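The sequence and the structure are shown first.

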Amino acid sequence: MPSSWRLTAWLWSLLALLAGLALALAVHHQQKQRQEVEQTFIRDELANKTYAALQSKLHSAESLLRAVQTLFLASDEVTAAEFNSFYTNMHPREQFPSLLALAYAQREAGPDGVRYVTRWVEPITGNEAVVGLDVDAQPNNLAGLLASRDSDRATLSAPFRPVQQSATAGAADGITLRLPVFSPGSPPRSVEERRQRMRGSIAVSFRVSRLIANALPDEAGQELRLHLSDVTDARHVLPLFDSDLGAATATDGYRFERQLAYGGRVWNVSMQSRDPHALAIDWRRSTLPAGLLASLLLALLVYSIVSTRQRALELGWQMSRRFRESEERFRALNELLPALVLLAEVDGGQITYANQASRDRLGEQVTERQLADLFEDQDLRTQLQHADTRGCSRIEAALHNGEGVRFWASVAISRVLLSGRGKLLMVASDISEQRQLTELLSHQASHDALTELYNRREFEHRLHGALVATAVGTPLAILLYIDLDQFKLINDTSGHLAGDQLLAQLAIVMRKQLGGTDVLARLGGDEFGVLVTDVADRADAERIAERVRRCIDGYVFIWEQRSYTISASIGGVAIDRPGILVKDLLAQADTACYMAKELGRNRVHFYSESDDETVRRHSEMEWANRLRWAVDEHRLMLTYQEIWPLPLAAGGEPDIEVLLRFREESGQLVVPGVFMPAAERYGLMPVVDRWVIETTLANFDRLHPTGGVLRMVAINLSGASVEDEALADLIIELLRRYRVEPSRVCFEITETVAVRNLSQVVRFMERLRAAGCRIALDDFGAGMSSFTYLKNLPLDIIKIDGSFVRDMLTDPVSHLMVRAVTDIGHRLGLEVVAEWVADAETVQALTALGVNRVQGFSLHRPELALFQRD
């Protein structure tokens with residue numbers, strides 16, 4: 001009989017072992033497949049990052065050439081000293097270690113025809129052989145020069161051997177990126193005109209292998225093999241770069257291939273994994289060892305259970321002999337269990353038994369301690385010390401060993417009777433890792449990943465708690481809704497990475513202005529929320545909001561040699577009455593923030609009941625649908641604001657600026673800030689601008705009470721309209737049709753639009769100025785390197801950004817900015833106009849600085865044009 005039950009036990013344990021091994025291998029296989037998928041995803045991300053880095057490096061090289069071209073456009077005659085100074089100031093080799101030379105080749109006509117001879121080279125050291133070089137000597141270089149001349153675009157050459165490279169120095173890996181330099185005047189429009197007006201060619205040359213190697217991310221070189229070749233001519237493929245030159249090409253494994261078209265050339269970008277074989281499993285993270293061990297333990301457990309069951313029959317016959325053996329086997333099984341198992345006396349709580357897992361986790365001296373002393377929770381300790389304690393059901397509790405090490409465990413304590421004595425049996429399992437993961441997930445669910453502030457969901461939860469606690473006699477609480485002004489400008493000019501960095505920095509700046517109990521959250525995009533409790537009164541609330549506004553207004557953000565001044569519009573709501581919903585409170589704060597923007601930005605506005613009547617906000621989609629029919633339904637209206645000459649005491653007639661309004665069904669006029677974003681997003685601005693231009697010119701003498709003697713009317717143009725090639729011709733045609741003197745019309749273009757596409761804007765301006773119109777640069781100074789572009793734009797008027805004018809009496813930096821713009825504008829022969837003039841003291845200060853004209857609500861509030869008052 002003993003041999004029979006042993007055979008049965010072994011068969012069952014073997015079956016359990018095989019089942020456990022099969023399950024462990026299946027899980028291991030799935031883990032390996034998941035790891036391979038993750039590795040492929042990582043390589044895809046790395047390959048795309050490498051491709052983007054190559055593309056970005058070429059764009060950066062073109063930006064360097066564009067800057068040099070701007071130097072030639074800004075001056076009729078650039079000297080070698082100016083060329084050297086430009087190179088010294090730009091430090092191009094810091095960005096392009098692979099740069100060979102920045103050169104200028106001059107077009108020279110002789111008996112043998114037109115030649116392009118390199119006259120200026122920077123740096124001269126190491127490039128002495130380039131000075132005087134005839135580009136004809138390098139056919140690939142010359143082909144790139146001629147292509148850039150005919151297309152007026154940046155053009156890459158095919159690889160060639162640069163003169164700096166000796167004939168035995170290896171493969172020819174020189175390339176040039178070129179732009180033409182034309183004679184002064186309007187940009188040439190045809191290939192023939194470009195060839196006639198060609199003055200020379202500017203080029204930046206690189207060692208293509210080093211250019212690509214420098215653009216390659218470090219992790220890409222470790223993981224992937226990169227191979228580039230020029231496939232512009234499919235018959236003659238030209239190798240450019242191979243990160244593992246000479247290594248055998250893998251025929252299997254990961255592969256990424258894409259073509260990069262740039263500057264008239266087509267590069268084939270190919271990336272392969274360095275190790276094409278499947279990635280070896282990380283045994284430290286693999287579940288297979290644990291699965292094998294679990295399978296073995298399961299087999300042992302099955303064997304023990306089956307054998308115990310069989311032996312129980314024998315125990316009926318030999319109880320006394322087998323009692324001790326059974327107890328020892330029970331203890332051995334407990335020793336193998338990964339769970340913590342302890343026995344303690346009910347009276348006094350002294351621990352009498354602890355298995356191996358308990359001794360490992362709680363210390364070898366655990367049996368010298370009391371059960372209650374293992375726990376940190378005082379209530380649980382008191383409960384276990386009672387003589388009639390029944391233990392506790394499954395709970396999570398913090399335990400500590402004799403050396404002060406703390407961990408979390410899932411604990412169950414039961415009262416049992418052994419040998420006629422009451423015992424406390426505790427079974428526990430370590431859940432520290434699971435608890436840490438739970439806490440991490442909880443943090444991620446309630447916090448914004450970029451700024452580490454609370455997210456919108458958690459903020460609304462905290463706001464709901466504040467509303468529940470609101471009652472008569474409780475301290476006042478306030479909600480602040482913060483929206484950064486012109487945040488899109490930073491994203492458009494410096495990229496979203498710069499915008500993200502600004503948000504993270506501002507989160508730190510704002511947190512320093514708030515108390516320990518105040519709640520700061522990022523609600524989305526560039527919007528933040530603040531919940532402040534225990535506010536004394538309304539005046540205290542306004543002081544807190546103003547303190548937050550000033551800390552943002554005084555912050556200067558620097559990114560890649562550019563600096564930006566930051567401001568924010570803040571809407572506030574007092575939480576002083578119960579019963580209001582969270583969504584309604586947020587809507588009121590959003591409305592107050594919107595009112596702050598409408599009143600001029602960079603200010604605080606607290607919500608009042610009248611705001612809902614004065615502000616009817618619609619979604620952008622709704623406004624887009626309404627604007628498509630606005631012209632046919634006569635919903636668009638023209639108003640004007642007067643622009644007065646300084647000094648005011650000297651008299652004089654005002655100019656006017658035409659302003660657009662939308663008329664609601666009720667007759668209420670809506671300001672452009674409400675519907676313009678929708679018009680810009682859905683491409684409706686060209687239609688709106690054309691309506692404004694034609695309506696203004698058709699009713700020119702019926703805009704203002706002065707009628708036909710009105711000196712000048714200013715009309716605003718959007719970026720989309722300026723980029724419309726046909727708009728200039730349409731404006732000239734409308735001037736002829738309605739017999740309006742062009743010199744009485746001024747077109748305003750914002751600085752942001754002007755610098756977005758400098759060459760196209762210059763062509764547009766010159767076309768209108770040639771017809772006799774005047775051009776004004778609006779919002780001058782709003783965040784860009786303004787003075788760099790000012791001398792390249794054909795202007796008549798500059799209008800100082802209103803944020804500087806508004807603060808000039810209280811902010812020395814704003815006063816200095818207004819003064820500098822005025823002085824430089826006058827030196828360039830331009831008329832200077834100041835916007836947002838709020839009071840007589842500002843008018844007096846602007847007069848002292850020599851500003852020519854002023855406009856603002858303190859001088860004249862916009863009125864309907866005369867022809868639309870009927």
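## Cavities and helix contacts

In this predicted model, the largest cavity has a lining of 23 residues, and those nearest its centre are Val130, Gln138, Asn141, Thr176 and Ser205. The volume of the largest cavity is about 190 Å³. Strand 1 (99–110), strand 4 (174–182) and strand 5 (198–207) are the elements that each give two or more residues to this lining. Strand 1 provides the largest share, with five residues. By class, the lining of the largest cavity consists of 14 nonpolar, eight polar and one charged residue.

A search of the whole structure finds four cavities of 30 Å³ or more. The second largest cavity holds about 50 Å³ of space. Its lining is formed by Ile643, Asp655, Met712, Ala714, Cys746, Glu748, Ala776, Ile797, Lys799, Val833 and Arg853. Two or more of the residues in that lining come from each of strand 26 (745–750) and strand 28 (797–800). The lining of the second largest cavity comprises seven nonpolar and four charged residues, with no polar residue.

Helix packing is considered next. Two packed helices are described by the angle between their axes and the distance between the axes. The table lists two such pairs.

| Helix pair | Axis separation | Crossing angle |
|---|---|---|
| Helix 13 (residues 456–469) and helix 17 (residues 582–598) | within 10 Å | roughly 105° |
| Helix 23 (residues 727–737) and helix 25 (residues 758–770) | within 10 Å | roughly 15° |

The axes of helix 13 and helix 17 cross at roughly 105°, and these helices are therefore roughly perpendicular to each other. On the helix 13 side, the contact is made by Arg456, Phe459, Glu460, Leu463, His464 and Leu467, while helix 17 contributes Val582, Leu585 and Leu586. The residues of this contact divide into six nonpolar, one polar and two charged.

For helix 23 and helix 25, the axes cross at roughly 15°. Angles under 35 degrees count as roughly parallel, so helix 23 and helix 25 are roughly parallel to each other. The crossing of helix 23 past helix 25 is right-handed. Leu727, Ala728, Asp729, Ile731 and Ile732 of helix 23 meet Phe764, Arg767 and Leu768 of helix 25. Six nonpolar and two charged residues make up the contact between helix 23 and helix 25, and no polar residue takes part.

Note on methods
Residues numbered from 1 in each chain as written. Predicted model: local features only at pLDDT ≥ 70, side-chain atom pairs only at ≥ 80, totals over all residues. Heavy atoms only, no water. 1 Å grid on protein atoms, 1.4 Å probe; cavity = no way out; pocket = protein on both sides within 12 Å on 5 of 7 lines; lining within 4 Å. Points joined across faces, edges and corners; volume = space filled by probe spheres on them. Helix = DSSP H or I, 4+ residues; strand = E, 2+ residues; numbered from the N terminus. Nonpolar A, V, L, I, M, F, W, Y, C, P; charged D, E, K, R; others polar. Axes fitted to C-alpha atoms, helices over the stretch in contact; angles between N-to-C directions. Parallel < 35°, antiparallel > 145°, perpendicular 65-115°, else oblique. Contact = heavy atoms within 4.5 Å. Left-handed = near helix turned anticlockwise from the far one by under 90°.
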